[in-house]
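The sequence and the structure come first.

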Number of protein chains: 4
Amino acid sequence: MASTYGENLRFTIFGQSHSPAIGVTIEGLPAGLKVDMEALSSFLRRRAPGNSPLSTSRKEADLPQFLSGLVAGYTCGTPITVTIANTDIRPQDYVSSRSIPRPGHADYTAGQKFGPYHDHFGGGHFSGRLTAGLCVVGGICKQLLEGLGITIAAHIRTIGQVEDTPFDPVEVNSTQLRALLNEAFPTLSSASAADMQAAIRSAKAAGNSIGGIIECACVGLPAGWGDPMFGGMENRISQAVFGIPGIRGIEFGSGFAAAGMFGSQHNDPFSTDGESIRTTTNHHGGILGGITSGMPIIFRVAVKPTPSIMLPQESVDLSGEKIQPATLTVGGRHDPCIVPRAVPCIEAAAAVAIYDAYLQQKKEERGWC
Amino acid sequence: MASTYGENLRFTIFGQSHSPAIGVTIEGLPAGLKVDMEALSSFLRRRAPGNSPLSTSRKEADLPQFLSGLVAGYTCGTPITVTIANTDIRPQDYVSSRSIPRPGHADYTAGQKFGPYHDHFGGGHFSGRLTAGLCVVGGICKQLLEGLGITIAAHIRTIGQVEDTPFDPVEVNSTQLRALLNEAFPTLSSASAADMQAAIRSAKAAGNSIGGIIECACVGLPAGWGDPMFGGMENRISQAVFGIPGIRGIEFGSGFAAAGMFGSQHNDPFSTDGESIRTTTNHHGGILGGITSGMPIIFRVAVKPTPSIMLPQESVDLSGEKIQPATLTVGGRHDPCIVPRAVPCIEAAAAVAIYDAYLQQKKEERGWC
Amino acid sequence: MASTYGENLRFTIFGQSHSPAIGVTIEGLPAGLKVDMEALSSFLRRRAPGNSPLSTSRKEADLPQFLSGLVAGYTCGTPITVTIANTDIRPQDYVSSRSIPRPGHADYTAGQKFGPYHDHFGGGHFSGRLTAGLCVVGGICKQLLEGLGITIAAHIRTIGQVEDTPFDPVEVNSTQLRALLNEAFPTLSSASAADMQAAIRSAKAAGNSIGGIIECACVGLPAGWGDPMFGGMENRISQAVFGIPGIRGIEFGSGFAAAGMFGSQHNDPFSTDGESIRTTTNHHGGILGGITSGMPIIFRVAVKPTPSIMLPQESVDLSGEKIQPATLTVGGRHDPCIVPRAVPCIEAAAAVAIYDAYLQQKKEERGWC
Amino acid sequence: MASTYGENLRFTIFGQSHSPAIGVTIEGLPAGLKVDMEALSSFLRRRAPGNSPLSTSRKEADLPQFLSGLVAGYTCGTPITVTIANTDIRPQDYVSSRSIPRPGHADYTAGQKFGPYHDHFGGGHFSGRLTAGLCVVGGICKQLLEGLGITIAAHIRTIGQVEDTPFDPVEVNSTQLRALLNEAFPTLSSASAADMQAAIRSAKAAGNSIGGIIECACVGLPAGWGDPMFGGMENRISQAVFGIPGIRGIEFGSGFAAAGMFGSQHNDPFSTDGESIRTTTNHHGGILGGITSGMPIIFRVAVKPTPSIMLPQESVDLSGEKIQPATLTVGGRHDPCIVPRAVPCIEAAAAVAIYDAYLQQKKEERGWC
């Protein structure tokens with residue numbers, strides 16, 4: 001099922017950019033878990049539109065309403081449905097996108113799949129707005145994982161050609177990560193943040209958009225979570241991450257750089273203090289054979305430049321009898337760079353993947369250990 | 001389920017490196033499909049060990065035996081189980097890997113997950129040998145997709161620092177791809193092939209190993225296959241690809257390079273001849289919003305250097321009361337570079353992902369078109 | 001997932017008797033299907049409370065609100081979420097049911113499962129009220145199946161010891177079934193209806209409740225739908241039917257009577273007019289080997305008497321340090337017999353099971369026929 | 001997936017009556033579980049053909065061969081594939097069943113589904129022989145449940161019109177159940193056993209067949225296992241049970257008799273000794289709201305008379321241009337009554353359903369209790 005993720009914790013994201021509401025239906029959360037509403041709202045605000053001069057001017061409060069599954073702040077063990085109203089809608093901005101598909105958007109491909117029944121207004125179900133549902137369930141999972149000693153945070157690694165300092169894959173820790181969670185524009189170097197924001201402003205001024213890379217770290221995981229083959233932590237995380245619009249690639253640990261290395265460089269030696277086991281380097285990014293090693297999980301994702309730009313673009317007009325070439329100028333309100341608002345979405349994707357693996361692990365726990 | 005893939009076509013890969021047999025159980029293939037056994041065997045030989053001086057010296061004929069689901073060469077509509085015997089086994093080579101985990105392998109993490117019950121001989125279920133099961137089902141899907149006009153092939157894009165010519169993402173076609181399928185060491189430039197093989201031999205001579213990048217193309221797909229969100233072609237393909245041991249990253253279309261681009265550079269203009277629609281560039285790699293555009297699907301995966309190297313490595317000894325540092329020299333028979341044998345595995349992963357999306361599409365077909 | 005049904009069409013029912021809303025999230029409905037809102041509302045009214053002097057006095061309009069997935073009355077191909085508000089709530093009626101579990105209800109067992117976090121008000125997620133979600137998706141499927149020439153209807157076969165005429169398993173047809181759909185108290189014999197209503201009134205007057213049997217028929221199915229083994233029509237239907245509270249048994253065709261027959265009596269001879277094939281009797285109830293034969297599907301379900309009765313009952317008091325015996329008189333507003341309101345629920349269960357099998361069949365369609 | 005069962009423990013049954021082998025692929029069994037091979041073989045012998053003058057003369061040793069997932073008698077945590085060879089095959093007995101479908105068999109309906117590609121020999125995948133795979137996984141689950149204090153056994157409740165004493169639903173216990181497991185023809189009354197066997201012999205002598213009812217009890221379950229709605233114990237068990245050929249109905253606790261009762265009769269009062277909670281009667285059959293109450297689970301299934309009889313039957317001939325009436329006398333070797341061999345299959349179905357619910361429960365375990 002396309003809009004459904006997870007095996008032990010399973011959720012379905014519903015809604016379209018301009019439907020009455022969007023939201024998520026979640027099944028598989030055990031009973032008795034506390035959901036901190038304030039923390040959840042504050043996590044959702046990191047993704048919500050209209051909070052920064054660098055983002056779209058669409059204003060949505062994004063207040064989650066729990067219709068079921070939560071009693072007095074605790075899960076009751078049955079499905080949770082959360083809705084978020086769509087309030088600031090301007091369908092008139094999208095009248096032409098059915099007949100003239102916007103380059104880089106799903107208008108054309110979704111039209112091929114769903115035919116005239118595709119809800120193209122604002123991108124419909126393909127809109128980045130739908131990531132609010134992912135952030136609801138991911139925000140809950142982040143809280144639950146924090147309770148298990150696991151912290152997840154991401155920073156903006158690059159915007160265009162501007163780079164931030166990378167995570168130290170061995171030394172990254174929960175203190176450093178929690179500091180990032182308080183940043184409106186999370187980077188490790190504040191100089192980089194300024195340069196990146198300048199790059200975004202410059203793209204915006206030119207009617208253009210710009211891409212970037214997000215780097216995410218997950219610390220505090222024990223060794224032994226995750227599964228072989230298609231249940232590996234890489235499979236689980238990438239399956240979730242590619243559910244976010246605009247992601248073009250993902251790499252774990254040394255990632256693509258590993259392809260240029262020798263085994264003697266890439267293998268991480270094990271070391272011990274007599275009681276616990278670590279690796280002295282972390283090219284493996286915390287995952288070996290799909291299973292956590294106890295070292296930080298590190299992964300990076302490539303985010304494409306927002307396809308909505310103010311410049312004229314070549315497209316085709318499908319409204320007539322014959323398909324005709326057409327020049328299109330995209331309307332609507334858009335982010336010149338979706339990377340900053342994608343940061344909490346990436347954290348949410350990691351959180352749901354890890355929490356699902358945690359539930360799997362609970363199921364497999366045995367008497368022998 | 002960790003060793004299970006797919007929603008419409010669903011298969012479970014079973015076996016360990018040194019169990020009586022390995023194989024795959026496949027459900028969801030419609031009745032009446034012809035399986036060309038000769039073509040399948042020839043596809044499996046591309047992955048099988050012992051066929052090249054550059055690969056492991058373990059010899060396995062890898063003859064697939066169909067126990068069920070096939071009658072007179074046609075699927076009968078009920079589950080197919082295929083087994084491949086394990087014949088050339090040397091468990092004595094792995095006696096130490098339980099107490100001294102091999103760096104870069106799953107010995108340690110699987111031991112943390114499964115405890116003393118982990119089958120560590122030859123890597124158990126984590127062995128690259130298990131990809132034979134993926135190649136059985138992927139080989140069948142490749143045949144079925146060929147019957148639908150879809151061709152999938154990959155080439156070795158890099159070995160260490162040596163590069164091959166990349167695919168032209170717009171012009172790549174089935175003729176070019178089919179030629180690659182006949183190559184023992186598939187590259188677009190024969191000069192690159194020679195240099196790459198030299199790099200592998202040199203790593204081997206040094207007791208070392210080396211990584212690389214595989215680039216895969218899928219041509220002939222219609223527009224409109226695939227699904228939004230977690231059912232996107234990227235999700236489906238990456239979920240399958242990370243089931244292959246040693247993969248560290250995946251990117252689609254322009255991939256990580258997209259993060260450094262402006263929207264005006266990355267967006268692919270639509271063009272038409274009045275009847276059909278194409279894009280004039282293919283940064284999107286044939287996928288928009290998770291759905292095929294009709295342009296070639298292009299993706300690249302990073303393969304790490306084989307963790308088994310002949311050089312001494314630092315590890316830990318778990319056999320005593322206290323964990324002790326230990327130096328390990330890995331035994332067993334190994335590929336100095338798994339990239340060449342991973343090429344058909346990547347094609348197989350793409351094939352199962354695409355065939356599953358095809359069955360999904362059949363289910364959704366409507367009367368209105 | 002407990003509250004989720006289906007493989008091709010998949011839906012999750014959410015909500016508790018006294019949560020802000022109940023509803024259903026549906027995935028897998030192809031794009032372009034028309035939903036007739038008036039027909040749906042009229043179907044839901046057959047289940048809604050407060051429409052008969054024989055049912056509970058709780059008043060709920062049960063108006064379905066479509067939050068997503070529907071544009072101008074047509075499915076757009078992405079998830080549909082429908083909510084129904086809970087308005088007429090009296091939590092005070094249930095204060096004691098946490099400490100003194102009601103016999104025949106899930107209070108005790110759900111408390112054992114979910115602990116103090118079980119939402120026990122009005123039965124929580126276990127309330128019969130939740131079948132409104134099943135009726136939303138089942139009502140849609142019934143419409144879609146009608147479009148394919150398939151009609152589903154049920155009648156009340158028994159109430160207590162009062163019997164209605166059974167369906168003629170060979171001659172039952174869509175005309176007869178559609179007539180039943182217009183009945184407030186659907187029986188084949190109007191004399192039976194009167195006697196049954198008298199039996200219900202009599203039980204109510206005694207502060208008691210009464211059970212019954214529902215018989216359902218599905219006509220117009222082609223031969224060849226459904227699957228072997230766990231995907232048989234019996235498995236699919238019973239998996240859905242037991243999702244309705246109070247069902248104690250199900251039987252297909254001759255059902256339990258088949259156990260007392262000889263093969264020569266039970267086997268249904270095939271006959272032909274030269275073009276089509278039928279069976280002259282229908283002990284098999286339209287299903288052979290899990291697959292439809294083209295004959296009417298006939299099944300019966302046993303509905304237990306409503307556990308909520310006005311008479312004092314023996315239970316236990318869990319509120320103190322030691323468990324104590326306790327006598328309980330159940331409050332709340334309840335149906336003295338849930339059979340009449342369960343009729344559309346059974347039809348809904350059959351409809352979702354058959355529509356899921358239909359989508360499966362579409363996926364498997366081949367070129368050879 | 002039709003031949004796949006389970007969510008936490010998931011298995012796929014493969015094979016056809018006359019394919020090289022049949023078997024099962026199992027995923028989800030945690031590592032470190034001991035499988036007692038002798039106990040498993042002895043369980044499988046209860047189902048195997050050729051062990052009684054009352055059963056088919058087809059001889060199959062039914063020795064399970066574990067290809068993977070088991071090391072030194074313990075599960076290693078990765079998929080288990082078990083095969084059973086088909087040795088005593090007589091395809092010549094089935095030459096006519098493609099063109100002249102046997103009444104009461106799946107020949108016609110499977111032919112409609114799979115077309116000419118249906119493997120009709122010996123019933124193909126629809127053969128009762130396939131239950132050997134269910135008994136392998138069910139036999140393992142029975143062992144694991146015994147280790148948790150849970151015993152499952154069934155007896156023959158009726159054959160034709162001959163009845164056995166029913167289980168006492170309150171007093172049935174593991175001692176009584178274990179005694180049944182040692183019986184070749186399990187009944188509570190030995191007089192009934194003799195009469196039932198006489199009824200079977202008499203049907204056989206007449207070239208006919210006969211049906212019966214199996215009653216199954218599961219004792220030792222704690223309260224709180226199972227899930228609401230579609231995950232109820234009734235749903236899980238019936239989903240598994242209808243995977244066995246020839247089952248026409250299932251009922252839990254008082255079953256269909258509940259439909260004729262008043263609430264005051266059917267509700268089971270709770271009682272306590274101050275520490276634990278029981279019900280004084282057990283009309284609910286150990287399940288309330290889909291969740292175990294700690295009382296014995298009791299259910300009954302109706303088994304139809306074997307469709308293969310020696311008497312001439314009316315059918316149709318599909319081999320010519322026009323469909324023609326035809327008279328058929330079924331060949332092959334068959335059981336005049338499948339009830340005795342179905343007994344271990346029913347136990348197996350209950351065992352897989354309960355073990356799956358157990359794994360679900362482990363996943364949901366929390367800190368608060």
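In β16(A), Gly226(A) has Ile291(A) as its bridge partner. The model is predicted: local features need pLDDT of at least 70, side-chain atom pairs count only at pLDDT 80 or more, and totals for chains, interfaces and linings use all residues. Residues are numbered from 1 along each chain as its sequence is written, chains are lettered from A and ligands numbered from 1 in the order in which they are written, and side-chain values use heavy atoms, with hydrogens and water left out.

β11(A) pairs with strand β16 (residues 291-293) of chain A in the antiparallel sense, over 2 bridges. Two strands count as paired if DSSP finds at least two bridges between them; strands are DSSP runs (E, at least two residues), numbered from the N terminus. These strands belong to an open sheet of 3 strands in chain A, ordered β11-β16-β15 with antiparallel pairing. β11 (223-226) and β15 (287-288) of chain A each have a single partner strand, so one side of each is left without a neighbour in the sheet.

An open sheet of 10 strands, with antiparallel pairing, has the order β9(C)-β8(C)-β10(C)-β17(C)-β12(C)-β12(D)-β17(D)-β10(D)-β8(D)-β9(D). Its edge strands are β9 (162-163) of chain C and β9 (162-163) of chain D, each pairing on one side only.

Strand β12 (residues 247-252) of chain C and strand β12 (residues 247-252) of chain D are joined antiparallel over 3 bridges. Here Gly249(C) stands opposite Glu251(D) in β12(D). Within chain C, strand β8 (residues 151-159) and strand β10 (residues 212-219) run antiparallel and are joined by 8 bridges. Thr158(C) has Ile213(C) in β10(C) as its bridge partner.

## The interface of chains C and D

In chain C, 110 residues are in contact with 110 residues of chain D, where contact means heavy atoms within 4.5 Å. Together the two chains bury about 8500 Å², 64% of it on carbon and sulfur atoms; buried area is the accessible area (1.4 Å probe) that two parts lose on being put together, summed over both. Lys113(C), Phe230(C) and Arg248(C) supply 11% of the area that chain C buries against chain D, more than any other three residues.

Across this interface there are 6 salt bridges, defined by a side-chain nitrogen of Lys or Arg within 4 Å of a carboxyl oxygen of Asp or Glu. The side chains of Lys113(C) and Asp227(D) form a salt bridge at 3.2 Å, N to O.

## Relation between the copies

The same surface serves both, as 100% of the contact residues of chain C recur in chain D.

Chain C can also be laid on chain B, by a turn of 180° and a shift of 0.0 Å along the axis, with an RMSD of 0.0 Å. These two copies are thus related as by a two-fold rotation axis. In chain C, the C-alpha nearest that axis belongs to Lys363(C), 2.3 Å from it.

Notes: Copies are superposed by least squares on the C-alpha atoms of residues with pLDDT of at least 70 in both. Helices (H or I, at least four residues) and strands (E, at least two) are DSSP runs, numbered from the N terminus.
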